[in-house]
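Dear colleague,

Please find below the structure that I am handing over to you. My notes on what was found in it follow directly after.

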Amino acid sequence: MSTAAAVDTVNTTRLEKAVTVNGILSHERVLQRIANQNGGTRASGTEGYRQSLRYVRSTLQAAGYSTVTQPFTFSSFTDNGTSVTQVSPTPGEYETAVLEYSGAGNVTGTVVPAKTIAIPPGNPGSTTSGCSASDFTPASTTQPQVALIQRGFCDFGTKVANAAAAGYDAALIFNEGQDGRTDVFQGTLGAPAAIPAAALSYADGSALVAAARAGAVTVNVTANVVTERKTTWNLIADSTMGDAGKTVVVGAHLDSVSEGPGINDNGSGTATILEIAVQMSKLKITPRQKLRFAFWGAEESGLLGSEYYVNSLNNDQLAQIYANLNFDMLGSPNYVRFVYDGDGSSGGPSGPAGSAQIEEIFANWFAGKGLATAPTDFDGRSDYGPFIAAGIPAGGLFSGAEGVKTEEEATIFGGTAGEAYDACYHQACDDITNLSTQALNELGDAAARATMTLALTKTGFFPDGSRMQARQQLDMSQFAYRGNHLVK
């Protein structure tokens, strides 16, 4: 029996026709204008974010939705310039990226590699470099020293904390070395660190290990960064009709990274669900389940908005959440039609009961249009993470981020093999020119289809009428991402 048999077939043609690329782009243009007027960013804690929230809220209120802003505080991180240079024996500058929540400082010290470094590397994620305190030779108490650590196995925050505890004045983490894990990477420490921390490529890191083992190497690590507590907000918009005991939460994160306007990440998700909400109101579609459109803050700092929302709910309130749909990046220029793998059939973790049915809503819609899809793991990379950790069925779409399109994907989906799905991911060039209108058309219609289907289905996921009554706490440390940032 098809897993989707538990969900009614709903005629969504009117909504699909009403949700147009032009409508989506009309919201994107406003987000771009807001970024232009606010230093090129819409990051949480900035005026660009506040103006984005005001625009979305006023649009939803005009469409008849009841809106609430949910404030919370978070650690806002700003990088005003990070560099890593070799002072001796061969002066030169390394390509680098600061690790989010790095400590601030200007450190010139001798490089000391961690004891456990694998060159050449083993399997991805297997290198335990820096994961235990014993992996660090105690640092000098008289001369500054910089710990050199290989990526792998445990999270970056643990590696840097262990280095700091061993007395090191700064830490460099270089990529692990397998295919797809060679370049300089962006990552997060998860919480403010005591020392400066930055990332290097595998080539630079492994060469630095060899040089440091052969003789003294001195580097300078400068992290001109600021971490401060700020207030930001989630925006919650509810339909006036529908069973509040079966609330469908349709979410997208509203914030960008500080480096750019975030028009694909995640203006594309924001604009799409905003247009779905507006058009459902115009068409006077009356939901059977209550619809809650959620625009999350501080996703880019680690899913903080969605996590705050889920944690603010008691068990009875959690039991009222029928399902979560998540749309984070729907317009990548070199896109793939990725569907969250609710049943775990691609080898990753499956979602909570009901997630397989959501996956099949998307898969069946695309198949009916003659469009191929590919599964993407529930890896905790976006705002569905806190929902599935609480046992709530979830699903959604993703057009691809910094990953590289394979030859097979290019054959199936078109586009260019060997190039990133979004070459402007987390950069200033993620602007209004960084969108595929074809992706917005296809994924936008599929998002409308799933939203309306879950809002109007009669039988739903649980034919016996039972619903989750308590949290199902999962270990979030299994996930390799938090808020689109690598943590491992």
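Predicted model: local features only at pLDDT ≥ 70, side-chain atom pairs only at ≥ 80, totals over all residues.

The link of cysteine 424 and cysteine 429 is left-handed, with -115 degrees about the S-S bond. Its S to S distance is 2.2 Å, where a disulfide is a pair of cysteine sulfur atoms within 2.5 Å. Cysteine 424 is buried at a relative accessible area of 15%, whereas cysteine 429 is partly exposed at 30%. Here buried means under 20% relative accessible area, exposed over 50% and partly exposed in between, with a 1.4 Å probe and protein chains only.

Residues are numbered from 1 along each chain as its sequence is written, and side-chain values use heavy atoms, with hydrogens and water left out.

A search of the whole structure finds 2 disulfides. One of them joins cysteine 131 to cysteine 154, with S to S 2.1 Å. The torsion about this S-S bond is about -95 degrees, so the disulfide is left-handed. The pair links distant parts of the chain, 23 residues apart: cysteine 131 is in the loop between S4 and S5, and cysteine 154 is in the loop between S5 and helix H4 (156-165). Helices (H or I, at least four residues) and strands (E, at least two) are DSSP runs, numbered from the N terminus. Cysteine 154 is buried, with a relative accessible area of 11%. In sequence order of the bonded cysteines, the pairing is 1-2, 3-4.

Turning to the packing, the largest nonpolar core has 58 residues, and Phe327 and Phe362 are among those with the most contacts inside it. Such a core is a set of buried Ala, Val, Leu, Ile, Met, Phe, Trp, Tyr and Cys residues joined through side-chain atoms within 4.5 Å. Helix H12 (residues 437-456) gives the most to this core, with 9 residues. Beyond four places in sequence, phenylalanine 362 is in contact (heavy atoms within 4.5 Å) with residues including Leu325, Phe327, Leu397 and Ala450. A second, separate core of 25 residues includes Tyr101, Ala166, Ala171 and Ala223.

Which residues of H5 are buried? They are Tyr202, Gly205, Ser206, Leu208, Val209 and Ala212. These residues cover an arc of only 155 degrees around the axis, which puts them on the same side of H5; the arc is that of the directions from the helix axis to the C-beta atoms. They pack against several strands, including S1 (66-88), S6 (170-174) and S7 (197-200).

The peptide bond from serine 88 to proline 89 is cis, with omega near 5 degrees, and proline 89 is in the loop between S1 and S2. Another cis peptide bond joins aspartate 265 and asparagine 266, with omega about 0 degrees. Lysine 284 has a positive phi of about 55 degrees although it is not a glycine; this lysine 284 lies in the loop between H6 and strand S10 (289-296) and counts as exposed at 70% relative accessibility. Alanine 298, also not a glycine, has a positive phi near 55 degrees, but alanine 298 counts as buried at 0% relative accessibility.

With kind regards
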